Amino acid sequence: MRKASVPVEEAVNREITRRIRDFYPGGRKLKYQSPKPWEPNTSFVNCYDGPKENVGYHSDQLTYLGPRAVIGSLSLGVAREFRVRKILAEDDEHRKDDGSLADAQGQISIHLPHNSLLIMHAEMQEEWKHSIAPALAIDPHPLAGNRRLNITYRCYKANLHPNFTPKCECGVPTVLRCATRRKESRGRYMWMCHTNYVPGEKGCGYFQWAEFDDDGDPPWAAKAKAMVKTQQEAKPHNGKDAD
Ligand SMILES: O=C(O)CCC(=O)C(=O)O
Ligand SMILES: [Fe+2]
């Protein structure tokens, strides 16, 4: 996982630069996107054992990643299908008479063969949902058999550690979400009670709009940086001290 993170980091940074240059308005990074090179410090592994195992449509949690997060996603083993669809506001004009949004949401399928890298760029989690569809049939892989392994590389921001983010009335660190439902608030970020998202549990209903500067850092970024630096300096040295 660590070994692969090196070529993944290089490829992702190369593609971020290319995307900004060739596709973003004015050749500039998006508002709230980090201007710094992408450095993954966290990864998650998923194993899909057999064709039926899947993950439904979702966007990834932004709580520790912050706005406009980039995620590198490595596929190993059995080839599977990654699907993406656009998130539309509930009041979007695309809604059909029967209330469905299916047509406008579209659906794009991306084939993910063994050893491929998919990059979820800065607009992905806020504007799109993604899933791994169940497969009707799969071609077994010589090493992995019926399994597909997926490693997502992510960059957790030190200033979004729960030591710094707002806590709700339950006393628990809140989660960061992006508003998608209503046109007027679409694209704004909010801190919300985490328990609201635990099935069967009622949270305290805590809600606060989240503010970020142009580079996606929260208002407490300078304080957080100073505290992280102090903690690092206070840590005992790992190497041997000189005699
Ligand atoms: O398996 C994949 O390619 C996607 C996994 C995923 O969406 C996730 O871990 O959030
Ligand atoms: Fe995901």
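1. A quick definition before anything else: the domain bounds used here come from an automatic or database domain assignment. For this predicted model, that assignment gives domain 1 (2-154) and domain 2 (158-220).

2. Now to how the two parts sit together. The C-alpha centres of domain 1 and domain 2 are 22 Å apart, and 23 residues of domain 1 make contact with 19 residues of domain 2. About 1,700 Å² is buried between them, with carbon and sulfur atoms giving 53% of that area. On the domain 1 side, do look at Tyr-32, Thr-63 and Pro-67: these supply 30% of the area that domain 1 buries against domain 2, more than any other three residues.

3. Where does the largest pocket lie? Both domain 1 and domain 2 give residues to its lining, so the largest pocket lies between them. The space inside is about 910 Å³. The lining has 32 residues, and Ser-34, Lys-36, Cys-155, Lys-157 and Asp-217 are the closest to the pocket centre.

4. The make-up of that lining is worth a moment too. By class, 16 of the lining residues are nonpolar, seven are polar and nine are charged. Helix H1 (2-23) and helix H4 (221-234) each supply at least two residues, and H4 gives the most, with seven.

5. Finally, a point on annotation. An unreviewed UniProt entry places the feature "domain: GRF-type" at residues 168-213. In the model, the chain over residues 168-213 is 0% helix and 26% strand, and the end C-alpha atoms of this stretch are 23 Å apart.

Note on methods. Residues are numbered from 1 along each chain as its sequence is written. Chains are lettered from A and ligands numbered from 1 in the order in which they are written. This is a predicted model: local features need pLDDT of at least 70, side-chain atom pairs count only at pLDDT 80 or more; totals for chains, interfaces and linings use all residues. Side-chain values use heavy atoms; hydrogens and water are left out. On a 1 Å grid over the protein atoms alone, a cavity is a set of points where a 1.4 Å probe fits but cannot get out, and a pocket is an open set with protein on both sides within 12 Å along at least five of seven lines; lining residues have an atom within 4 Å of a point. Grid points are joined across faces, edges and corners, and a volume is the space filled by probe spheres set on the points. Helices (H or I, at least four residues) and strands (E, at least two) are DSSP runs, numbered from the N terminus. Ala, Val, Leu, Ile, Met, Phe, Trp, Tyr, Cys and Pro count as nonpolar, Asp, Glu, Lys and Arg as charged, and the others, Gly among them, as polar. UniProt positions are given in the numbering used here, feature names are shortened, and annotations may be inferred rather than shown by experiment. Contact means heavy atoms within 4.5 Å. Buried area is the accessible area (1.4 Å probe) that two parts lose on being put together, summed over both.
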